[in-house]
Amino acid sequence: MGESANTHQHTSPATVAPSAPPPNLALSRGPTWTPAEQLQQLHYCIHSNPSWPEAVLLAFQHYIVVLGTIVLIATTLVPRMGGSPGDKARVIQTLLFTAGLNTLLQTALGSRLPTVMRSSFVFILPVLSIINDFSDKTFSSEHERFTYTVRTIQGSLIVASIINIILGFSRAWGHLTRLFTPVVIVPLVCVVGLGLFMRGFPMLANCVEIGLPMLILLVIGQQYLRRIHPRADVVLERFGLLICIALIWAFAAILTVAGAYNHVREVTKQSCRTDRSFLMSSAPWIRVPYPFQWGTPIFRASHVFGMMGATLVTSAESTGTFFAAARLSGATPPPAYIFNRSIGLQGIGLLVEGIFGSIAGNSASVENVGLLGLTHIGSRRVVQISTAFMIFFSIFGKFGAFFASIPLPIFGAIYCVLFGIVAATGISFMQFTNNNSMRNLYIIGLSLFLGISIPQYFVTNTTQDGRGPVQTAGGWFNDILNTIFSSAPTIAIIIGTVLDQTLDAKPSINDRGVSWWKPFQHKKGDVRNDEFYGLPLRINEYIPTRFH
């Protein structure tokens, strides 16, 4: 049987169409958001200003928020130094006065960000060490013990300020910040807020019947009730904090007058009553803080070294706070030369505080940065106006003492919200990195966890008189290490930077967000840098270019 011609025809193989990429399930399930360099929900950014009446009220709100921290530091340290309620009132006046000066200096010539510069908790440890060293010394009176201790703190602050001045104006700190990427900034800014958790609910719980209503009222009033009416939206969003403070403060006064705290423990009275600070009766009507008001500073090398550790730590804490402030005020991330300028001026601020007799040095206020996010107003002018309140109430003591009598648990409730906003701001920097990179997740997770865990270990194992876990024969060495390792931002910077620079740094350059981050590190890298950070009144023309 013959084969047909078609028998040997070879059929060509079927052409295989290229496989289509798998569908993007994220798009099919809902929208995605592209990274945003600036927050879009701010009503006023760093160089835009609300009306003058609004600005004054918002500035007063900033004053009230920073007052809580200043009163807490004075309440913690002054009694241990042998000070009376009158000494405490004068210390608060001094801390407010120098906070006003340093804030004005920093917003005008330093970082130019809307950040309040106030006394820092970091200095509590070296100050406690100074107090402990004088515990066996004989004084003719407790007031003499107090003034001698303040003069020793003065001398230590004056010498220790050299650290920040050198770090800033030598441009060393700016070179360090050039090593930062969003992978480092995420844990740094997060722990700036989370690292202060002991000033949140634990302080609120000292008087839960005042602190808890404050927290609940602030959340409901500022976030829910404002949606009832357009006019209420503006008022409660911007001034809800002041309204809540007034209501709960009045409630605390009613409980005090009604005798609710007549038969409770002394600790409860100190936290809950509105008349236990004794500031109104002991504060002078008018008193201007002046240089060396407590006497000639006393210089002791062992105390100076301990204070130097604290000043180094404040540089790290302020750096994280400046990143958060830039984000919440609608500015671009601060370039390296801004950190040189701001840390150098922070050192000058420490010198001013030493001269005026403060009992603690300054750093950028985390709580006031959180207030920028709470009110959605990042105006620089508002913070500058707040310095007028700080200086005014530091001079007219009776008026300042009236507001300083607000119970501290009310501030604890406020800090629960404000510190949380700053911590969440740090998380927002993750959008500029590859969130699916296991390398990034490892570095961020380890830096974040150890940044909280290590300081918690050191704080937990520190005695009431300031003795930390590091206990060698050198007291000054102990103070330096105990202070550094008690700081969450410092630990986050060390661990995050080392890991990010050594763990597959070059192959992961895009995953780390370096391409996005690099332009912000130079004065001319982004056209908006000069818009946000340029000095006023053409001062740039008189400053050597090496400091730009």
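This is a predicted model: local features need pLDDT of at least 70, side-chain atom pairs count only at pLDDT 80 or more; totals for chains, interfaces and linings use all residues.
**Exercise 1.** Check the span of helix α13 against the distance between its end C-alpha atoms.

*Solution.* Step one: α13 covers residues 301-328, which is 28 residues. Step two: the expected span is 1.5 Å times one less than the number of residues, and for α13 this should give 40 Å. Step three: the end C-alpha atoms of α13 are 41 Å apart, so the two values agree.

**Exercise 2.** How many residues of α13 are buried?

*Solution.* Of the 28 residues in α13, 23 are buried, and the helix is mostly covered.

**Exercise 3.** Describe the second largest pocket and its lining.

*Solution.* Start with the volume: the pocket holds about 450 Å³ of space. Next, the lining: 18 residues line the pocket, and L39, Q40, Q41, R327 and S428 are the closest to its centre. Then the elements: α13 and α18 (408-428) each give two or more residues to the lining, and α18 gives the most, with 4 residues. Last, the classes: 8 lining residues are nonpolar, 9 are polar and 1 is charged.

**Exercise 4.** Is S342 buried or exposed, and which residues beyond its sequence neighbours does S342 contact?

*Solution.* Second, buried means under 20% relative accessible area; S342 has 0%, so S342 is buried. Third, leaving aside neighbours within four places in sequence, S342 is in contact with Q106, G110, S111 and F322.

Note on methods. Residues are numbered from 1 along each chain as its sequence is written. Side-chain values use heavy atoms; hydrogens and water are left out. Buried means under 20% relative accessible area, exposed over 50%, partly exposed in between (1.4 Å probe, protein chains only). On a 1 Å grid over the protein atoms alone, a cavity is a set of points where a 1.4 Å probe fits but cannot get out, and a pocket is an open set with protein on both sides within 12 Å along at least five of seven lines; lining residues have an atom within 4 Å of a point. Grid points are joined across faces, edges and corners, and a volume is the space filled by probe spheres set on the points. Ala, Val, Leu, Ile, Met, Phe, Trp, Tyr, Cys and Pro count as nonpolar, Asp, Glu, Lys and Arg as charged, and the others, Gly among them, as polar. Contact means heavy atoms within 4.5 Å.
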